[in-house]
Amino acid sequence: MNIRQIELREISLRLVHFFETSFGRTIERRIMLVRVTDGDGAEGWGECTAGEGPFYSEEWVDSAWEVTRLFLAPMVLGHEVEGAAGVGELMRRARGNRMAKASVETACWDLEAKRAGVALWRHLGGVQGEIACGVSIGIQDSPEQLLEKIERELAAGYQRIKIKIKPGWDREVVETVRARFPDIRLMVDANSAYTLADAPLLRALDEFGLMMIEQPLAYDDREDHARLQRQIKTPVCLDESVRSAEDARKAIELGACRIINVKLGRVGGHAEAARVESVCRGAGVPVWCGGMLESGIGRAHNIAMATLGGFTLPGDVSASSRYWAEDIIDPEVTVTPRGTIVAPDAPGIGFRVKLDLVESLTVRSETLSAA
Ligand code: OSB
Ligand code: MG
């Protein structure tokens, strides 16, 4: 593989409904898209999952844009490499910036699968032609609104409900939801809103039979999560603090979690995500595919990743229409009444990028070429 051109584009896409987490509210997404082209004109698409500010992690849209144009693109352009699996290695000298790296790396995987004429999920070694889906529901203006939303998602068939929590929107809300829906698969995500001093409150959630509590403590912590896990029955799931397969190994060894959420951007791309999956599968730790309010391109990559064998729990990958009035791919992502997404059979990510729509949503673009 020899990438000759990397095109960066920033699009602006408005969510159909605001999405609120413990670190803030989003309504207008800024999304960096990456298109890579090789010497034969084959192309692939990737999406950067960095948010509008450095609040989920250090990365944000403009840091991803700058590091990609100034450092990552020159490391990749014109450099012969065995295949997409080797693209991460080309960018190794740059530390961190995993979401930016993933946007380039995943685009190369799409290109490679398209060249081979196979669906990306098969190319990655996926074994599940249909993936289980849950939904992530943000903090709402009132508990009643939350109940209404849950009702709607369950009616659509989703297999599990995740609600966001933060101090002041936690115990009572979970109690209300549980009282109304006693039997559903339910979990919570705190996005690092608590500390070990909150252990009593987090332990009080044990009585609600949650599948897991996601990232309750600091975004870069494993040690305190291990302490917390010893004090509560609900399984801890790590999101923010697992950035690599090595992180996953250490977290599991420490007892910091019993479940891991895998996100392509957070770990730097498909190759590392597969290594995380492999470490977890070997240790008997279930994983599931997280979401970052992706447009269709990132969503398609998530679907492909989630077909790997270790992804045994419903992920945060759901229908395009939950996010966008019109998604940038054709067909849009839809969910079956069984609460699943069927992995597409077309080559590469398996969805066509609507170029005209992308063009009309583009706020800036830049093309970088091999010398
Ligand atoms: O922690 O999983 C998270 C969205 C943005 C940032 C972080 C997270 C999320 C979600 C949304 O939970 C998942 C989705 O529906 O895409
Ligand atoms: Mg999370």
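A polar side-chain atom of aspartate 189 sits 3.0 Å from an oxygen atom of ligand 1. Taken alone, ligand 1 exposes 390 Å², and the protein buries 97% of that (Shrake-Rupley areas, 1.4 Å probe). This is a predicted model: local features need pLDDT of at least 70, side-chain atom pairs need pLDDT 80 or more, and totals for chains, interfaces and linings use all residues. Residues are numbered from 1 along each chain as written, chains are lettered from A and ligands numbered from 1 in written order, and side-chain values use heavy atoms, without hydrogens or water.

- An N or O atom in the side chain of serine 136 is 2.9 Å from an oxygen atom of ligand 1.
- For lysine 162, a polar side-chain atom lies 3.1 Å from an oxygen atom of ligand 1.

**The shell**
- Ligand 1 has 16 residues around it, each with a heavy atom within 4 Å.
- Ser136, Asn191, Lys263, Leu293 and Tyr323 come nearest.
- By class, the shell has six nonpolar, three polar and seven charged residues; Asp, Glu, Lys and Arg count as charged.

**The domains**
- The protein is divided into domain 1 (3–117 + 354–369) and domain 2 (122–342), with bounds from an automatic or database domain assignment.
- The centres of the two domains, taken over C-alpha atoms, are 23 Å apart.
- Their contact takes 39 residues from domain 1 and 47 residues from domain 2, where contact means heavy atoms within 4.5 Å.
- Both domains give residues to the shell around ligand 1, so ligand 1 lies between them.

Methods. Polar contact = N/O pair within 3.5 Å; in protein donor to acceptor, adjacent residues only side chain to side chain.
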